[in-house]
Amino acid sequence: MKKLFKLTLAVIAMVLFTSAQTMAQRTVSGTITDSAGEALIGANVLEKGTTNGTITDLDGSYSLTVATGATLVFSFTGYTDQEVVVGNSGVINIALDEGELLDEIVVTGYGSQRSKEVTSAVESISEEEFNKGPINDPAQLLQGKVAGLQVYNRGGDPNASSTIRLRGISTVGANVQPLVVIDGIVGASLDNVDPNDIAEISVLKDGSAAAIYGSRGSSGVILVTTKSGSDGAVKISYNGQLTTSSPVNGVQSMSASEFVAAGGTDLANSTNWLDEVTRSGMTQIHNISASGGAGNTNYRISANLRGVDGILKNSGFDQFNTRLAFNTKTLNDKLKIAFTTSFTNRDQQFGFQEALRYAVTYNPSAPIFGADAPFDFNSARFGGYFESGGFDNFNPVSIIEQNINNGERREFNYGATLDYSLTDNLTITGRIAQQNVSLNTVQYYPTTSLFRGNATSPIRKGSASLYDQQNSFDLYEAYGTYLGSTDAIDFTLTAGYSFQENNFFDNFLSLGDFPNNGTDFYNLIETSQDLSLVSNAGLIGAGSNATENDRIIAFFARANVTIGNGIFLNASVRREGATRLGPDNKWGIFPAFGVGVDLNQYLDIASVDLFKVRLGYGETGSLPGQVGLAQDLRAIVNSPDGTVTTQPSRLGNPNLGWESKKETNLGVEFASGRFSSTLDLYNRVISDFILNIGIDAAVNGGFSSQIQNAGQLSTNGLELALNYDVADSPDFGWTTGVILSSYKSTLDEFNIEAPTLRANLGAPGQNATDVVRVAIGEEIGNIWGPVFAGVDADGAIMFEDVNGDGTLKTDQGQALEDDADFAVLGNGIPDLELGWTNQITVGDWQINAFFRGAFGHSLVNTFRAFYEPRIASQSNYNYVNTSLSNPDVTSARFSSLYVEKADFFKLDNLTVSRSFDVSGSSAFESVALSLNVRNPFVITSYTGTDPEPSLVDTGASANGDGGGGSDVLAPGLDRRNNYFSSRAITFGVNVNF
């Protein structure tokens with residue numbers, strides 16, 4: 001609160017000081033808008049025949065002292081000039097008619113610009129261009145819409161957030177997700193904004209655009225603008241959607257008869273386990289909003305209800321969200337106040353994705369319930385279910401029906417922005433925001449659950465885990481914006497201060513050995529015998545963390561200059577300090593500059609509307625992912641006698657600094673009539689990764705590791721966007737657009753001297769097999785292994801003599817030897833990604849068809865690698881039975897046989913809608929119905945569940961335990977714990993009252 005008080009005093013002092021310098025003068029004032037009522041920023045107001053003039057501010061407002069009877073000339077690029085004689089009125093509002101309008105307003109960091117003036121790679125997507133259908137994650141609105149932006153949710157788990165990557169890997173040891181800014185609030189949560197409340201999203205793609213956000217901008221910046229109110233009577237809008245979704249592209253495995261015929265253990269039943277654990281998921285979405293306003297005040301309030309069932313039984317969520325936007329002007333329109341607040345409550349059933357995995361591998365001739373077993377079976381021991389036993393082998397129906405994996409998440413935030421116009425040209429902005437998030441989860445495994453419940457143990461059955469988390473974020477910012485102009489130069493200057501603070505608290509408790517299965521004991525944890533039995537000493541798991549006063553403080557400045565409406569300059573700098581860094585290296589400077597030239601302004605090429613070339617450079621940083629990495633870490637040791645001691649673990653690093661990213665971007669924008677295109681070529685160099693490095697404990701006081709800055713990675717990429725209005729008439733319209741993107745990342749430096757392998761396949765039987773090669777000078781994502789050459793007469797796998805020396809060296813332990821017969825089997829990163837949008841209007845009908853594809857990437861199909869070989873000792877596990885299966889393979893050895901090209905082209909989203917004429921109704925303003933299909937078809941040769949790229953490796957999982965990793969240097973593994981993909985059909989209705 002002290003900082004808020006000081007910030008408020010500073011703003012008030014600036015207001016009083018500047019106001020004292022301005023003598024009270026009679027002026028002509030007003031606003032300049034386009035024909036649709038949208039404010040025009042930077043429009044020129046000139047007293048004719050003089051040099052006396054001004055430009056409109058961020059609200060399209062102006063104020064100018066002129067002589068009585070003077071003529072004012074109002075002008076703006078792309079619009080027809082207007083002249084008005086000043087009479088007795090002191091207010092003149094102007095609506096300019098469009099000439100050749102080329103420039104929309106683009107939201108950028110701490111301001112906005114005309115798109116023509118932008119010198120960096122920025123792309124804006126409006127509500128009309130968003131993906132349609134049952135969108136539960138706002139990031140999915142952008143999937144395939146922005147060149148260079150990768151948005152993937154492999155399989156479509158309703159409780160999972162999308163993986164978002166902008167131009168590939170942006171960091172190795174820090175945050176890899178883009179920074180989200182909602183209505184100017186830095187670091188706001190996408191989870192607390194409903195997709196129905198979003199009006200526009202801008203993506204700052206390159207370093208020159210993102211540098212104004214400093215250490216939080218390395219992975220790119222996503223600027224979200226939510227819907228606001230409008231003047232006039234109250235308008236009520238309702239959007240409703242009803243969706244049914246069903247599984248598609250499950251892993252192909254054998255039926256009971258096929259399995260028994262192949263030599264599998266016959267348990268005298270026939271069970272389609274995938275059908276037993278999946279369902280047709282139903283989703284309901286209801287959004288109602290009310291907006292209106294009078295005079296200088298407008299508002300919009302909305303409420304959103306979502307009930308989402310995943311295709312996996314007992315997975316999904318129920319969510320309530322509400323949002324308020326309030327805007328007003330006061331003090332003779334000098335002070336503009338914008339206030340937003342939002343609240344979200346989500347009750348979640350996370351379910352168990354492991355059930356999908358075991359539905360593929362569990363014996364298809366086994367029964368669901370023990371009573372149907374072909375022999376005497378103690379089914380009461382397992383809650384009535386059948387269990388065949390064995391390593392990594394669990395009844396999938398028992399998993400989802402007996403166990404609990406639930407959570408509740410609450411988010412509340414508010415933000416207030418005050419803009420005060422000190423003069424016609426100078427505006428001071430103050431912003432206050434706070435976000436609070438609480439999360440609690442519970443996992444419970446009863447005494448009868450074999451899966452994590454230890455049902456076969458004579459002692460200590462059952463388990464409960466409880467987790468609680470509290471997180472608060474505070475933001476205080478103040479900045480000034482000055483709009484100026486001379487005869488041929490228009491400029492905007494911005495300078496400000498930002499203070500961000502995060503506070504995090506959590507606690508965890510796990511315990512077990514419950515008395516029976518009579519109730520869900522996670523609500524009666526005091527009955528756990530871990531609390532009373534001496535023999536259970538040390539079995540309780542407990543932990544808590546607190547990271548208080550995690551702060552970022554920054555000072556920033558930017559200048560945008562337009563010369564002769566043809567040359568555009570941009571320069572910014574941000575000086576930033578962070579408490580997460582070492583005490584000797586807390587502060588950094590992040591500069592950026594850009595230049596753009598509209599060549600057509602000087603070449604005047606016939607039929608060309610825009611031919612702009614721009615060049616930008618920017619530096620950004622990434623902070624450590626955790627607090628305290630620069631300080632000493634000592635491990636707590638609990639001795640049997642009850643004493644507690646510590647021992648050295650990780651040595652502090654007073655010089656721990658940022659990860660650094662330097663990026664250069666060359667762009668060309670072209671527009672001619674109905675055709676427009678944008679080409680971007682970029683190079684980015686990321687250095688000083690934040691890595692845990694092993695050190696010599698003998699000379700470092702017993703500390704065996706230290707967090708250090710080391711390594712370098714470079715990326716070169718290309719992005720191309722093409723748009724064409726094929727037809728534009730009252731009866732038929734068709735707009736089509738294609739985006740293409742490609743990049744390659746190379747590891748230049750790392751904390752290794754020789755190549756290494758990572759991404760371990762895991763159990764059963766392949767714990768010693770790592771499949772992704774990491775080496776200095778090589779591309780990221782290379783899948784490494786021997787090359788399959790067939791099977792000999794004895795069923796043994798044969799491999800190629802890759803180097804042709806006559807000697808085979810294909811053992812995993814030989815993988816990195818110079819003469820090993822290993823090769824690059826594929827790469828986990830696509831060579832090319834494509835998005836193709838088609839918007840068609842036929843009378844009252846609208847068709848939106850969006851296609852998406854990725855080409856050149858490969859995936860390790862781990863289901864095939866483990867369960868396709870016909871291993872006699874594993875006859876109780878089902879066999880994967882794809883078109884690539886070779887029944888002669890009787891041993892599990894990783895090779896090129898299990899690496900598949902995963903190219904795909906899919907119709908991602910198809911929407912057909914119709915608007916109805918209700919002009920004769922006094923109750924309705926408009927009515928529209930829609931039918932949407934998501935994922936109607938996919939063209940691919942990949943035999944796994946989902947050909948989408950796997951950009952992050954989550955790690956191996958086995959025997960009921962998940963992976964939980966996050967390795968950006970090991971893309972390309974289709975792990976066995978992924979959610980399966982689905983197809984969804986949605987009926988929608990939109991009514992405006």
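1. A welcome note on terms: two strands pair if DSSP finds at least two bridges between them. Helices (H or I, at least four residues) and strands (E, at least two) are DSSP runs, numbered from the N terminus. With that in hand, E10 and strand E15 (residues 198–204) run antiparallel and are joined by five bridges. Within this pairing, valine 122 stands opposite leucine 204 in E15.

2. Please keep in mind that this is a predicted model, where local features need pLDDT of at least 70, side-chain atom pairs count only at pLDDT 80 or more, and totals for chains, interfaces and linings use all residues. Residues are numbered from 1 along each chain as its sequence is written, and side-chain values use heavy atoms, with hydrogens and water left out.

3. Strands E10 and E15 belong to an open sheet of five strands, in the order E10-E15-E16-E13-E14, with mixed pairing. Strand E10 (122–126) and strand E14 (185–186) stand at the edges with a single partner strand each, so one side of each is left without a neighbour in the sheet.

4. Another pairing to look at is that of E11 and strand E12 (residues 163–166), which is antiparallel and has four bridges. Valine 151 has isoleucine 164 in E12 as its bridge partner. From strand E11 (residues 149–152), Leu149 and Val151 point one way, Gln150 and Tyr152 the other way, and all are buried (under 20% relative accessible area, with exposed over 50% and partly exposed in between; 1.4 Å probe, protein chains only).

5. Next, serine 208, which has its place in helix H2 (residues 207–210). Is serine 208 buried or exposed? Serine 208 is buried, with a relative accessible area of 7%. Leaving aside residues up to four places away in sequence, serine 208 touches Ser120, Ala592, Phe593, Gly616, Tyr617 and Gly618 (contact means heavy atoms within 4.5 Å).

6. Finally, the cores. A nonpolar core is a set of buried Ala, Val, Leu, Ile, Met, Phe, Trp, Tyr and Cys residues joined through side-chain atoms within 4.5 Å. The largest one has 48 residues, of which Val771, Val860 and Phe894 touch the most other members. Elements giving two or more residues to this core include helix H5 (354–361), strand E37 (766–774) and helix H8 (862–867). H5 gives the most to this core, with five residues. Apart from it lies another core, of 38 residues, among them Ile135, Ile185, Val193 and Ile198.
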